[in-house]
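Hi there,

Here is the structure I promised to pass on to you. Please open it first, and then read my notes alongside it.

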Amino acid sequence: MIEDIRENNMCRTGDIKSRCNYAFTPHYLLAGTEERQVNNVANRIEGIKRYLHERDWYIKGHKLFTDRQMVKKRECIAIDARETIIGGEKTWIWAAVDLSIDMVIAVYVSYLKDRGTTSVFLRHIARLCSGTLPKVFVNGENWDTEAFKELGFRCTPVSFGTESIVEKFLSATDRKIGGHLEELSNNSTIESMQWWMEGAAGYTNYWTAKCKLMVS
């Protein structure tokens, strides 16, 4: 009888005969292991739910962004690029804001910030402009101004304040990437991060327009 009680309390049924790893493990330790496994599964489920919610949010934001992209006359544009880490690799996130409407009109992700990547971003901006190319304000002096001249942009280095739309957007995007945007993307490819940034830009523009309506 005593032996039966000891075996039932200390071991799982059949473990003594099979001599598995659980043979002499107390039930309270087994329960702890199972609880951790259950918690891990629950955390993964919550992570999937969060991913699906965030993904739907960004899908709507991406549509908001692409629907509002149009070719039009633009007077002044602010451009900035910020260095961050994506997938353990140094990456640059870029943004351009039309200062006449305070809207993000273009975003870009690259591994380098040089004449080549600057030209790629500027060509994308040029396709959104009609007539004379707008005057461009860039944040700081660390820019290859020849890339601007080659495409016909007039470039003026200035110091952006933290309250500027472009700086707010890049700061928010950088925080998102540092938090869980990279996890949400399922991979750290340039194309994937570009898509998520466009989703964030859509909501940035949405709230900017909404705030202006509330103030007016």
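Predicted model: local features only at pLDDT ≥ 70, side-chain atom pairs only at ≥ 80, totals over all residues.

Residues are numbered from 1 along each chain as its sequence is written, and side-chain values use heavy atoms, with hydrogens and water left out.

The protein chain has seven helices and five strands; these are DSSP runs numbered from the N terminus, with helices being H or I of at least four residues and strands being E of at least two. Along the sequence they follow the pattern α-α-α-β-β-β-α-β-α-β-α-α. Of the 216 residues, 37% are buried, meaning under 20% relative accessible area with a 1.4 Å probe and protein chains only.

Now the sheet. Its five strands form an open sheet in the order β3-β2-β1-β4-β5, with mixed pairing; two strands pair if DSSP finds at least two bridges between them. Because β3 (103-110) and β5 have a single partner strand each, they stand at the edges, and one side of each is left without a neighbour in the sheet. On average, neighbouring strands are turned by 25° against each other, direction ignored (axes are lines fitted to C-alpha atoms, for helices over the stretch in contact, and angles run from 0 to 180 degrees between N-to-C directions).

Look next at β4 (residues 135-139). It runs parallel to β1 (residues 76-86), joined by four bridges, and Ile77 stands opposite Val136. Five bridges join β4 to β5 (residues 154-158), also in parallel. Here Phe137 stands opposite Thr156, and Asn139 opposite Val158.

Which residues of α4 are buried? They are Thr117, Thr118, Ser119, Phe121, Leu122 and Ile125. These buried residues pack against β1, β2, β3 and α5, where contact means heavy atoms within 4.5 Å. At the start of α4, a side-chain oxygen of Asp114 comes within 3.3 Å of the backbone nitrogen of Gly116.

Happy exploring!

How values were computed. Buried < 20%, exposed > 50% of the residue type's maximum accessible area, 1.4 Å probe, protein only. Polar contact = N/O pair within 3.5 Å; in protein donor to acceptor, adjacent residues only side chain to side chain.
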